[in-house]
There are 2 protein chains.
Amino acid sequence: MSDRPNVLWIMADQLRFDYLSCYGHPHLHTPHIDALAQRGVRFTNAYVQSPVCGPSRMSAYTGRYVRSHGSTWNGMPLRIGEPTLGDHLRDVGSRAVLVGKTHMIADAEGMAWLGIDPKSEIGVRRAECGFDIFERDDGLHPDSARQNWSAYDDYLVAHGYSSDNPWEDFANSGVDPDGELLSAWLLKNSRLPANVPEEHSETAYMTNRAMDFMQAAQNDDQPWVCHLSYIKPHWPYIVPAPYHDMYDSGHILAPIRADAERTTDHPLMQAYLNARVCRSFSRDHVREQVVPAYMGLIKQLDDNLGRLFKWMEDTGLSRNTIIAFTSDHGDYMGDHWMGDKDFYHDVAVKVPLILYDPRPDADATRGLVSDALVEMIDLAPTFLSVVGGTPKPHILEGRDLTPILHGTGGFSRRYAISEHDYHWSEMAQALGVPQEHAHTKMIFDGRWKYIRCETFRPILFDLQSDPQELSDLGASDLPEHQEVRARMEAALLDWATRHHSRVTATPKILEGQKIAAEVGILIGFWDEEEYEATTGKPFDSLKPVGRSNRST
Amino acid sequence: MSDRPNVLWIMADQLRFDYLSCYGHPHLHTPHIDALAQRGVRFTNAYVQSPVCGPSRMSAYTGRYVRSHGSTWNGMPLRIGEPTLGDHLRDVGSRAVLVGKTHMIADAEGMAWLGIDPKSEIGVRRAECGFDIFERDDGLHPDSARQNWSAYDDYLVAHGYSSDNPWEDFANSGVDPDGELLSAWLLKNSRLPANVPEEHSETAYMTNRAMDFMQAAQNDDQPWVCHLSYIKPHWPYIVPAPYHDMYDSGHILAPIRADAERTTDHPLMQAYLNARVCRSFSRDHVREQVVPAYMGLIKQLDDNLGRLFKWMEDTGLSRNTIIAFTSDHGDYMGDHWMGDKDFYHDVAVKVPLILYDPRPDADATRGLVSDALVEMIDLAPTFLSVVGGTPKPHILEGRDLTPILHGTGGFSRRYAISEHDYHWSEMAQALGVPQEHAHTKMIFDGRWKYIRCETFRPILFDLQSDPQELSDLGASDLPEHQEVRARMEAALLDWATRHHSRVTATPKILEGQKIAAEVGILIGFWDEEEYEATTGKPFDSLKPVGRSNRST
């Protein structure tokens with residue numbers, strides 16, 4: 001085992017920040033995640049850089065804003081030449097290993113252009129966010145061309161679950177009391193038990209695969225960062241017994257919503273509310289079926305993490321493994337009359353984030369609850385720091401969280417940023433917004449959440465007076481709100497005009513480019529005397545270049 | 001010869017827009033360039049994307065803003081994975097060939113990371129802005145580690161100009177009446193004749209090399225875009241006889257400057273004015289030496305272009321070769337009490353741009369003077385269009401100028417943008433501005449030129465009432481000026497938040513991602529009935545995926 005720590009980076013998919021007991025859910029008890037928080041630092045203001053899987057993850061895996069990496073929606077290849085956390089980790093002798101989902105699409109055109117064989121080691125890493133693949137699994141979309149037969153399908157078949165589409169027929173379908181198979185792509189079936197026993201379910205399988213990796217790596221002298229990336233509690237919402245039956249309507253929290261939200265004059269919000277998924281999740285009978293299944297999936301995840309953490313304890317891995325737990329975005333679940341994600345209310349854009357460091361350096365902060373404003377892109381520089389890498393602020397736009405984790409110093413971001421490209425959406429079509437204008441940006445300063453909508457007026461929430469974000473102040477005439485909007489626009493301009501692409505010049509290179517203040521560039525010297533008085537060097541010292549630098 | 005046109009893209013270095021007779025210089029007669037303008041379209045409002053060689057050229061060669069390609073200052077490698085005009089041209093069967101300067105630095109680290117051999121064809125192109133090199137020549141800096149022995153040095157030696165550093169000793173040095181060799185790195189020597197006859201000077205040599213290329217390519221059936229990139233009239237300011245003696249103080253235009261500019265309260269402008277090169281060029285005796293040499297260099301360039309154009313006429317190449325003539329930025333020459341470039345007055349950031357298309361399509365516009373606001377990045381999509389390529393708006397941020405050239409439609413940009421990263425500079429040091437904040441952005445709408453200075457107040461010029469840009473309205477209290485500043489900030493935010501990095505998704509791909517407005521994403525259907533009513537398809541049609549997509 002290396003004496004440098006490992007990192008187990010656990011990511012749930014579509015897990016709201018507030019559906020864990022340590023984040024305040026009164027009925028959904030998640031003791032294993034809570035215990036991790038007790039041993040580590042729990043962040044209450046962690047924001048993702050896009051409220052949708054693909055771009056949020058590309059930000060997580062590159063440590064860069066969506067604006068910078070350019071993969072603005074699901075299924076958009078991460079451009080070739082965009083460096084990832086895996087690359088930075090390998091540079092300092094750490095492995096970067098994937099077990100689960102990334103939502104990455106390879107830039108096949110870019111690889112062909114640069115002559116990179118997709119089957120080569122470099123090509124495979126470029127296709128997988130820079131990770132080496134121990135297990136890849138992006139879940140299933142029955143209507144997607146990206147649907148591939150996976151190792152989990154093989155696993156199911158090997159365990160006797162024979163089908164042409166085992167994932168769909170077992171993991172994503174339920175059985176009714178008459179034994180009939182019913183698809184969880186239909187929400188009415190959400191409360192049925194999945195057609196697979198818990199121990200062969202996706203969450204259990206991926207937990208086992210993480211253990212397989214850690215076991216195999218145990219005798220390496222190389223530290224690793226393992227990204228254990230569950231595809232649950234993402235839809236389809238269905239969970240195996242006994243989790244399908246643990247929660248009922250008595251455990252469902254009232255939706256966070258106000259009638260006034262439905263009468264918004266904002267065209268984009270109107271279009272969201274008219275989108276099919278929002279109309280669907282605004283119905284009480286939908287919530288009554290789906291929320292218990294969603295809760296069951298989270299409960300199951302917590303139990304599997306308990307199993308994993310115990311195994312890590314038993315094998316001694318816990319002593320030297322930093323654990324991060326987070327999610328790629330939330331889920332509206334009918335709050336604000338909305339479904340799925342894709343916008344910026346806290347239930348969609350804020351995520352749980354727990355960091356646990358077993359080393360004595362973190363003893364001072366065990367159980368700390370940090371309300372520092374942080375971003376998902378802060379994890380990449382944190383992990384790089386943990387494995388001993390040099391900071392790369394010219395590439396990694398996040399900030400190292402280690403000072404908070406070790407109690408050696410704190411910071412809180414002045415702003416968190418999140419971005420969404422809605423060119424694909426029902427909203428863009430309903431409003432006739434062209435591709436290039438169909439984007440929104442959120443900037444949040446810990447109190448004010450400002451959403452720039454390009455062709456429409458902005459949206460503004462004051463989370464101090466309105467923590468549930470029910471009242472849009474984007475058109476308010478109050479001078480205070482006008483002032484806040486102007487300030488947030490200015491801050492967004494600061495952010496947007498900042499260097500994001502100057503990735504080939506380290507701060508040290510930039511420092512080295514500094515020109516002696518008195519000398520300037522070699523232009524403008526009148527005569528030898530001026531040159532020598534200014535530079536302190538004889539003018540002739542300029543001369544002997546040339547042949548000595550002959551490259552041939 | 002291909003029936004598709006060739007493009008000869010001529011770029012001068014550091015050529016002001018107003019030092020050509022077709023652009024109004026009363027004493028500097030440039031009949032050959034003027035004649036090109038008579039046969040083509042001359043643009044009077046063409047702006048470069050950075051007022052300094054490296055970033056301006058990287059924008060020209062990528063068709064993208066500095067913000068997008070990230071090579072923000074000289075010597076910063078163009079990141080691997082940044083597609084260039086050469087790549088786009090090759091994709092549609094055209095050659096892209098370099099004769100001269102690019103100022104490009106290869107991203108060696110990026111190439112190593114992606115396993116690209118720098119000596120391979122792909123590696124060599126990546127090191128040279130995507131061009132195939134016929135001749136590379138970035139000029140000489142005697143104090144630069146980048147100084148390499150060049151083909152021009154070989155040429156000089158082969159013609160009897162023997163030295164350890166022939167370029168410096170012959171091309172960049174003068175001889176005084178006593179036969180003593182004096183360096184043109186000292187401005188006092190600018191009016192001496194260069195120590196090389198005109199026919200062996202840099203400008204003549206590069207002209208010859210362009211003819212060598214065109215001759216060699218004449219029997220190809222592949223069209224080409226040849227970038228003939230002169231390093232003159234860039235400093236060191238010295239020119240061979242007889243050009244050294246063609247102009248004297250009677251031909252020097254009065255400097256564009258006002259005493260009020262020297263008493264600016266703007267810290268950044270104060271720092272510029274205190275920079276050594278600006279103090280130097282503010283002295284009349286400096287201008288008296290340098291301006292005649294600068295004019296001589298331009299006159300020499302014009303004569304060489306005359307020779308080139310005649311040769312192209314004689315060989316028949318003119319009939320099928322589109323000619324573009326431009327520059328990478330201007331030169332203050334003491335205007336505004338400034339020297340060199342690096343800021344946004346028109347004399348630095350506006351360039352000459354002439355487009356000549358010999359084909360009948362352009363007959364309607366011969367001699368046209370276009371005041372359309374255009375940018376240097378518009379050339380890349382124009383050349384791609386000329387050789388028959390499909391537009392690539394997701395990568396190329398410029399606009400095709402062909403409609404203006406052919407008179408089939410016009411456009412004028414709402415804004416031109418230019419950017420400067422001054423982290424390296426005396427100004428940053430004098431003001432203590434940290435690396436990440438040492439940048440400025442210009443946005444110009446054809447009348448108002450607004451310069452955002454990050455940590456300082458903005459600068460504003462009204463080119464309608466103040467075409468010489470002598471009066472900074474950045475702190476003006478007039479409501480009109482406040483309103484203009486707010487409008488320009490808003491426009492800059494529009495630009496800055498626009499997609500610049502979404503390079504892997506063509507408009508067609510984005511269009512294909514559109515989700516049927518009534519259907520949405522496959523989430524939120526309650527039951528079979530709702531699914532079928534909405535989609536018009538039986539729910540069972542979702543099912544048969546899986547094994548058919550098995551990738552193994």
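Predicted model: local features only at pLDDT ≥ 70, side-chain atom pairs only at ≥ 80, totals over all residues.
Local features require pLDDT of at least 70 and side-chain atom pairs pLDDT 80 or more, whereas totals for chains, interfaces and linings use all residues. Residues are numbered from 1 along each chain as its sequence is written, chains are lettered from A in the order in which they are written, and side-chain values use heavy atoms, without hydrogens and water.

Contact (heavy atoms within 4.5 Å) involves 109 residues from chain A and 109 residues from chain B. The buried area (accessible area, 1.4 Å probe, lost on putting the two parts together and summed over both) is about 10,100 Å², with 57% given by carbon and sulfur atoms. On the chain A side, the most area is lost by A:Arg79, A:Arg276 and A:Trp526, together 9% of what that side buries.

Between the chains, 10 salt bridges (side-chain nitrogen of Lys or Arg within 4 Å of a carboxyl oxygen of Asp or Glu) are counted. In the salt bridge of B:Glu528 with A:Lys188, the closest N and O atoms lie 3.6 Å apart. Helix H18 of chain A (residues 479-497) supplies seven residues, the largest share of the side of chain A that touches chain B.

Helices are DSSP runs (H or I, at least four residues), numbered from the N terminus. Helix H15 of chain A (residues 379-386) is largely enclosed by the rest of the structure, because seven of its eight residues are buried (under 20% relative accessible area, 1.4 Å probe, protein chains only). The buried residues include A:Leu379, A:Phe383 and A:Val386. Just after H15(A), A:Gly388 adopts a positive phi of about 95°.

How values were computed
Buried < 20%, exposed > 50% of the residue type's maximum accessible area, 1.4 Å probe, protein only. Helix = DSSP H or I, 4+ residues; strand = E, 2+ residues; numbered from the N terminus.
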